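Hello,

Here is the structure I promised to pass on to you. Have a look at it, and then read my notes below.

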Amino acid sequence: MRIELEKRAQVSALFSILSPFIAFALTMIFGGIMFALLGKNPVIALYSFFVEPLSEVWSLHELAIKAAPLILIGVGLSVCFRSNNWNIGAEGQFIMGAIAGSILPVVFYDWQSPMVLPMMMVLGMLGGALFAAIPAFLKAHMNTNEILTSLMLVYVAQLFLDWIVRGPWRNPQGMNFPETRSFAADAILPEMLASGRTHWGFAFAVIAAVLVWFMMRYTLRGFEITVLGQSARAGRFAGFSSRRMIWFSMLFSGALAGLAGIAEVSGAIQQLRPVISPGYGFTAIIVAFLGRLNPLGIVAAGLVLALTYLGGEAAQLSIGVSEKVTRVFQGLLLFFVLSCDTLIHYRIRLVWERLAAIKTDGSH
């Protein structure tokens with residue numbers, strides 16, 4: 001016996017809409033079972049994850065801070081995924097964007113100017129885009145699998161960050177801690193509201209989502225992305241270039257990941273450290289699919305996944321679970337999102353090999 005997936009003749013519009021909600025409900029159910037197996041009260045655990053972080057104003061600001069990089073990266077990845085280019089290395093592009101954007105406040109720390117912050121954002125986008133250009137070049141010109149190359153480059157970026165903050169960029173007045181100088185005032189992304197720490201990175205994320213939604217819905221470029229993503233052959237008949245789309249989608253997603261990196265470092269951390277991300281680049285993959293690769297849906301999905309980060313921190317304090325539980329919880333969500341989408345488009349069919357062989361012989 002073997003299991004096959006058979007494409008459905010018609011996809012249910014209702015279940016296509018309900019799919020993310022079903023996936024979220026299943027995550028809650030199986031997450032509760034997981035907490036019960038860990039010896040924790042499922043109700044208290046889920047309350048810690050999804051209600052407790054929303055109880056105070058300061059935690060809402062923290063929610064926006066954590067959602068900003070997830071939304072920015074997820075919006076860029078949605079362009080890649082819809083064009084059938086699988087950029088899995090946004091975490092590395094996030095890191096390289098943060099490093100490139102930090103050149104001015106770390107190396108040229110004496111330069112104080114209103115131009116410092118805009119130039120940092122531009123350098124961050126360039127850093128992320130150039131790092132994404134490596135798997136783009138390998139795929140476009142050597143037909144190399146971009147999943148493997150982009151993923152392996154994440155470790156290159158992480159090790160490079162660790163080396164640079166322990167070596168050439170280490171703060172000489174930092175008591176030998178592995179970190180750079182703290183950024184000067186002109187290099188810090190300002191807060192949006194007086195009531196908390198939410199910085200303008202969140203505004204960048206929302207603006208990017210709206211602009212990409214408009215591009216995908218109303219421009220020729222968006223149509224090209226959709227056509228090539230669904231059928232490269234049809235795209236070639238329409239005069240679209242798969243190679244140019246590889247470059248565009250990878251560089252675009254890398255630039256947004258790099259912008260997320262420098263916005264996070266400049267707005268929330270205000271210096272470089274060996275670790276600047278809890279895995280935003282990987283979690284953004286979940287965000288992109290939970291938002292159904294729709295930029296506006298990604299805004300909502302980013303807030304939900306940011307809530308799991310805050311909830312994970314709250315759960316560590318209130319019920320004593322490790323941060324690994326948060327990762328498992330996010331993994332469950334991705335699993336159910338992909339499973340629900342698969343079952344909407346395909347039906348499971350059991351094939352009995354012996355019966356299939358008899359039928360084949362009979363046909364001869």
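**The largest pocket**

Let's start with the largest pocket: 18 residues line it, and F289, R292, L293, D341 and H345 are the ones nearest its centre. Its space comes to about 840 Å³. A pocket here is an open set of points on a 1 Å grid over the protein atoms alone, with protein on both sides within 12 Å along at least five of seven lines, and lining residues have an atom within 4 Å of a point. Grid points are joined across faces, edges and corners, and a volume is the space filled by probe spheres set on the points. Helices α3, α9 and α14 (323-345) each give at least two residues to the lining of this pocket, and α14 supplies the largest share, 4 residues.

Before going on, two notes on the model. It is predicted, so local features need pLDDT of at least 70 and side-chain atom pairs count only at pLDDT 80 or more, while totals for chains, interfaces and linings use all residues. Residues are numbered from 1 along each chain as its sequence is written, and side-chain values use heavy atoms, leaving out hydrogens and water.

**Cavities**

The structure also holds 3 cavities of 30 Å³ or more; a cavity is a set of grid points where a 1.4 Å probe fits but cannot get out. The largest cavity has a volume of about 50 Å³, and its lining includes L104, P105, Y109 and W111.

**Helix α8**

Helices (H or I, at least four residues) and strands (E, at least two) are DSSP runs, numbered from the N terminus. Helix α8 covers residues 201-218, and its 26 Å from first to last C-alpha is close to the 26 Å expected; the expected span is 1.5 Å times one less than the number of residues. Which residues of α8 are buried? They are G201, F202, A203, A205, A208, A209, V212, M215 and M216. Buried means under 20% relative accessible area, exposed over 50%, and partly exposed in between (1.4 Å probe, protein chains only). These buried residues pack against α3 (57-82), α9 (220-230), α11 (242-269) and α13 (295-318).

**The strands**

Strand β1 (residues 2-7) is hardly covered, with a count of 0 buried residues among its 6. It runs antiparallel to β2 (residues 346-351), joined to it by 6 bridges; two strands pair if DSSP finds at least two bridges between them. In this pairing, R2 stands opposite V351.

L26 lies in helix α1 (residues 13-37) and is partly exposed, at 25% relative accessible area. L26 touches F336 and C340, not counting residues up to four places away in sequence; contact means heavy atoms within 4.5 Å.

Most residues other than glycine have a negative phi. N84, though not a glycine, has a positive phi of about 70°. N84 sits in the loop between α3 and α4 (90-101) and is partly exposed, with a relative accessible area of 39%. L293 also has a positive phi, near 60°. L293 is in the loop between α12 (280-290) and α13, and is buried, with a relative accessible area of 15%.

Happy exploring!
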